[in-house]
Amino acid sequence: MNLSVKIKKLRAENNYTQEQLAEKLKVSRSTISSWETGRSYPDLEMVIEICDCFNVSLDFLLREDEKMVRKLNFGIKQKRMLVTLIVILA
């Protein structure tokens, strides 16, 4: 089960509408919809907030979603390259 399906399932199990979850996470309802349909992914900080909101582990939420894990790894690699570039230029 991927992240989008898990978010939708957790939201339904907790009887939240997309609007209610959006308010709780301080994002728009369309953002929740985009996450649930897989059109976009939350950033790592938001994934942690989602885990806290539903009282689930990061491992549970991300374990089977290879696309999300690749996205997170790519972001980490970009940050490392940026820091390296800044150090070289300084």
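The structure is a predicted model, in which local features need pLDDT of at least 70, side-chain atom pairs count only at pLDDT 80 or more, and totals for chains, interfaces and linings use all residues. Residues are numbered from 1 along each chain as its sequence is written, and side-chain values use heavy atoms, with hydrogens and water left out. Helices (H or I, at least four residues) and strands (E, at least two) are DSSP runs, numbered from the N terminus.

Just after the helix comes Gly38, with a positive phi of about 80 degrees.

Next comes the packing of α2 and α3. Two packed helices are described by the angle between their axes and the distance between the axes. Axes are lines fitted to C-alpha atoms, for helices over the stretch in contact, and angles run from 0 to 180 degrees between N-to-C directions. The axes of α2 and α3 come within 8 Å and cross at roughly 110 degrees. The two helices α2 and α3 are therefore roughly perpendicular to each other; angles under 35 degrees count as roughly parallel, over 145 as roughly antiparallel, 65 to 115 as roughly perpendicular and the rest as oblique.

Charged side chains deserve a look of their own. Side chains of opposite charge can pair when their charged atoms come close. With a salt bridge taken as a side-chain nitrogen of Lys or Arg within 4 Å of a carboxyl oxygen of Asp or Glu, the model has three salt bridges. One of them joins Glu36 and Arg11, with N to O at 2.5 Å. This pair links distant parts of the chain, since Glu36 belongs to helix α3 and Arg11 to helix α1, 25 residues apart. Both Glu36 and Arg11 are buried.

Another salt bridge pairs Glu13 with Lys9 at 3.0 Å, N to O. Both residues lie in helix α1 (residues 3-13), four residues apart, about one turn of the helix. Glu13 is partly exposed at 48% relative accessibility, and Lys9 is partly exposed at 43%. In the salt bridge between Arg63 and Asp59, the closest N and O atoms are 2.6 Å apart. Arg63 is exposed, with a relative accessible area of 57%, while Asp59 is partly exposed at 42%.

Two loop residues complete the picture. Lys26 has a positive phi of about 60 degrees although it is not a glycine. The loop between α4 (44-54) and α5 (58-62) holds Asn55, which is exposed with a relative accessible area of 71%.

Terms used
Buried < 20%, exposed > 50% of the residue type's maximum accessible area, 1.4 Å probe, protein only.
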